[in-house]
Amino acid sequence: MVAVLVVEDIGAVVDIDTAFTRRLPGPQPTREALAQALGTAAPYLECSFRQKDDGWGFSFDIDDTIASQQALTGDHWADWTGLTCPTLLVHGTRSDEITPAHAREMHARHPGPVHRVELSAGHVVHHDALDDFANALRAFLAT
């Protein structure tokens, strides 16, 4: 059983655009070349860089990631409103995945105890605002 739940920047209704994942570069000759090919997205993905036989790539399979993203797409309100465990909902103010209005609606419709934290971050909140994210998590787990 789940005692507590932490949701980082995803909504109860999900419509994932797989274009970013589809544009990920193929194998590159060096780690630096992979980072350069990713541009501003490199800091978000560098923890998944792996050297393989054909060069530098990712720890994940791109086709599998796209399939996972497509499987996540949908209306999950029934799952959300079925939760009873204490929940921390963290979302970024600059996110392209969940709007502040949707996060507020999720907060309002959650039947159990829920704490919503809005941080100055994009979709990858724990990367963009690590200290604030960690503090919010510590405070939630201490309750």
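The lining of the largest pocket is made up of 15 nonpolar, 10 polar and seven charged residues. Here Ala, Val, Leu, Ile, Met, Phe, Trp, Tyr, Cys and Pro are nonpolar, Asp, Glu, Lys and Arg are charged, and the others, Gly among them, are polar. The model is predicted, with local features needing pLDDT of at least 70 and side-chain atom pairs counting only at pLDDT 80 or more, while totals for chains, interfaces and linings use all residues. Residues are numbered from 1 along each chain as its sequence is written, and side-chain values use heavy atoms, with hydrogens and water left out.

The largest pocket holds about 990 Å³ of space. A pocket is an open set of points on a 1 Å grid over the protein atoms alone, where a 1.4 Å probe fits and protein lies on both sides within 12 Å along at least five of seven lines; a lining residue has an atom within 4 Å of a point. Points are joined across faces, edges and corners, and the volume is the space filled by probe spheres set on them. The lining has 32 residues, of which Phe-20, Gln-69, Glu-97, His-123 and Val-124 are the closest to the pocket centre. Two or more lining residues come from each of β2 (13–14), α1 (19–22), α3 (42–45), α4 (62–72) and α7 (125–128). Helix α4 gives the most, with four residues. Helices (H or I, at least four residues) and strands (E, at least two) are DSSP runs numbered from the N terminus.

Thr-18 sits in the loop between β2 and α1. Thr-18 counts as buried because its relative accessibility is 9%, the limits being under 20% for buried, over 50% for exposed and partly exposed in between, with a 1.4 Å probe and protein chains only. Beyond its neighbours within four places in sequence, Thr-18 is in contact (heavy atoms within 4.5 Å) with Ile-66, Gln-69 and Gln-70.

Ser-68 belongs to helix α4. With 48% relative accessibility, Ser-68 is partly exposed. From Ser-68 to Pro-25 the C-alpha to C-alpha distance is 19 Å, across 43 residues of sequence.

The protein chain as a whole contains eight helices and seven strands. Its C-alpha trace spans about 50 × 30 × 30 Å along the principal axes. Of its 143 residues, 36% are buried. Among contacts in the chain with a separation of 6 or more, 72% join residues 24 or more positions apart.
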